[in-house]
Structure formats: C-alpha cells, structure tokens
Amino acid sequence: MLLYSNDCPKCKVLKTKLDQKNLEYEVCSELDDLIAKGIMSMPVLRIDDEFMEFSEAVKYVNGL
C-alpha cells in the first residue's frame, strides 16, 4: 500500500485511519504518478495499480 500524502488535514485523517487498522503502508510525496493519472489532489491511496482519492480510500479502509 502506498499513500501519496503531505501534511494537509485530509492526509492526516487518512494516515490516522490506516494506523488505527494497523495497516502497513509507505508514504510518498512524489506527484509524478498522480499527475500522469490526472489526479491533482492528495491524499491518494494506491493498492497495486488502483488509485483511490480521499473519500474512496476512507470507505475502503473503514470496510477492512
């Protein structure tokens, strides 16, 4: 799991949710992959080749 993140409030919320579920993830602040996909905001959770923006990522993590 890769979390594209900076220190914005939404990023902190998603990090907290991942930590509460004890999920392992790496944090990345590189934007090249996101820009290539047309994604212009963070946080984004990447699992394999799927990119999930904030609301979708929160739903995913809450469902685990």
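This section describes strand pairing, backbone geometry and surface charge in a predicted model. Residues are numbered from 1 along each chain as its sequence is written, and side-chain values use heavy atoms, without hydrogens and water. Because the model is predicted, local features need pLDDT of at least 70 and side-chain atom pairs count only at pLDDT 80 or more, while totals for chains, interfaces and linings use all residues.

Helices (H or I, at least four residues) and strands (E, at least two) are DSSP runs, numbered from the N terminus. Two strands are taken as paired if DSSP finds at least two bridges between them. Strand 1 (residues 2–4) is paired with strand 3 in the antiparallel sense, over three bridges; in this pairing Leu2 stands opposite Arg46 of strand 3. Strand 3 is also paired with strand 4 in the antiparallel sense, over four bridges, and Val44 stands opposite Glu53 of strand 4. Strands 3 and 4 form a hairpin with two residues between them.

Relative accessible area is classed as buried under 20%, exposed over 50% and partly exposed in between (1.4 Å probe, protein chains only). Asp48 is exposed, with a value of 67%. A positive phi, near 55°, is also found at Asn22, a residue other than glycine. Asn22 is placed in the loop between helix 1 and strand 2 (26–28) and counts as exposed because its relative accessibility is 67%. In the loop between helix 2 (32–36) and strand 3 (44–47) lies Pro43, which is joined to Met42 by a cis peptide bond with omega of about 5°.

Asp48, Glu50, Glu53 and Glu56 form a negative surface patch. Patches consist of residues with over 30% relative accessible area and no salt bridge, with like charges joined within 9 Å and nonpolar side chains (Val, Leu, Ile, Met, Phe, Trp, Tyr) within 5 Å. A salt bridge is a side-chain nitrogen of Lys or Arg within 4 Å of a carboxyl oxygen of Asp or Glu.

Lys12 is located in helix 1 (residues 9–20) and, at 47% relative accessibility, counts as partly exposed. The C-alpha atoms of Lys12 and Arg46 are separated by 16 Å, with the two residues 34 apart along the chain.

Note on methods
Areas by Shrake-Rupley, 256 points an atom, 1.4 Å probe, with all protein chains shown as cover. Lys, Arg positive; Asp, Glu negative; His and termini not counted. Charge placed at Lys NZ, Arg CZ, Asp CG, Glu CD.
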